[in-house]
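This report describes strand pairing and aromatic contacts in one protein model. The sequence and structure are shown first.

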Amino acid sequence: MEKTTYKVTPLIGVTRGELNGAIINVKTGIACGKFLLYTEPEICFASERERSFLFSCSEVNYRLKEFLYAGLALQHTSYFQSFQKIERRIVLGFTIKDFEFPIYLFNPLQQNQYFVLGLHWQRSK
């Protein structure tokens, strides 16, 4: 039987620049065998109240190799005073030591496709 693990990481941050405000977030992940499911709800309290928003990303990944994974994700953004935006994405990622490099293709079946490249660092235990 595959071992199931979970991790809950509360996060708090500040954004400065074009958008100024505070961010509260909790990242929750469950891993079972080669599958990983995670969700990351977030709220941003912008200094300009009408720019505040709720954000959530949920992702399901499958580890193809020890260093390579692929998956599907759904991202939902809801602005307090205006509209909601839902985007689908495909992810392909790889890891090298303490670094993770996800490549996201947003809106894969639509005209307004775009890519996001990520760089994540996590200190080894």
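## Strand pairing and aromatic contacts

Strand β5 (residues 68-79) and strand β6 (residues 84-96) run antiparallel and are joined by 11 bridges. The model is predicted. Opposite L74 stands R88 in β6. Strand β6 is also joined to strand β7 (residues 99-106), by 8 bridges, and these two strands run antiparallel. V91 has Y104 in β7 as its bridge partner. The hairpin of β6 and β7 has 2 residues between the strands, and K97 takes a positive phi near 55° there.

A search of the whole structure finds 6 aromatic pairs. One of them is formed by F53 and Y79; the ring centres are 5.7 Å apart and the planes stand at 55°, so the pair is tilted. Because F53 lies in strand β4 (residues 53-65) and Y79 in strand β5, this pair ties together parts that are 26 residues apart in sequence. F53 counts as buried because its relative accessibility is 12%, under the 20% limit. Y79, with a relative accessible area of 27%, is partly exposed.

Y104 and F106 also form a tilted aromatic pair, with 6.3 Å from centre to centre and 55° between the planes. Both Y104 and F106 are buried. Elsewhere, F94, F99 and F101 are linked into a cluster by ring pairs.

Two charged residues lie over ring faces, as tabulated below.

| Charged residue | Ring | Distance from ring centre |
|---|---|---|
| K27 | Y38 | 4.9 Å |
| R89 | Y104 | 4.2 Å |

Methods
Residues are numbered from 1 along each chain as its sequence is written. This is a predicted model: local features need pLDDT of at least 70, side-chain atom pairs count only at pLDDT 80 or more; totals for chains, interfaces and linings use all residues. Side-chain values use heavy atoms; hydrogens and water are left out. Two strands pair if DSSP finds at least two bridges between them. Helices (H or I, at least four residues) and strands (E, at least two) are DSSP runs, numbered from the N terminus. Rings of Phe, Tyr and Trp (its six-membered ring) pair if their centres lie within 6.5 Å; planes under 30 degrees apart count as stacked, over 60 as edge-to-face and the rest as tilted. Buried means under 20% relative accessible area, exposed over 50%, partly exposed in between (1.4 Å probe, protein chains only). A charge sits over a ring if NZ of Lys or CZ of Arg is within 6 Å of the ring centre and within 35 degrees of the ring normal.
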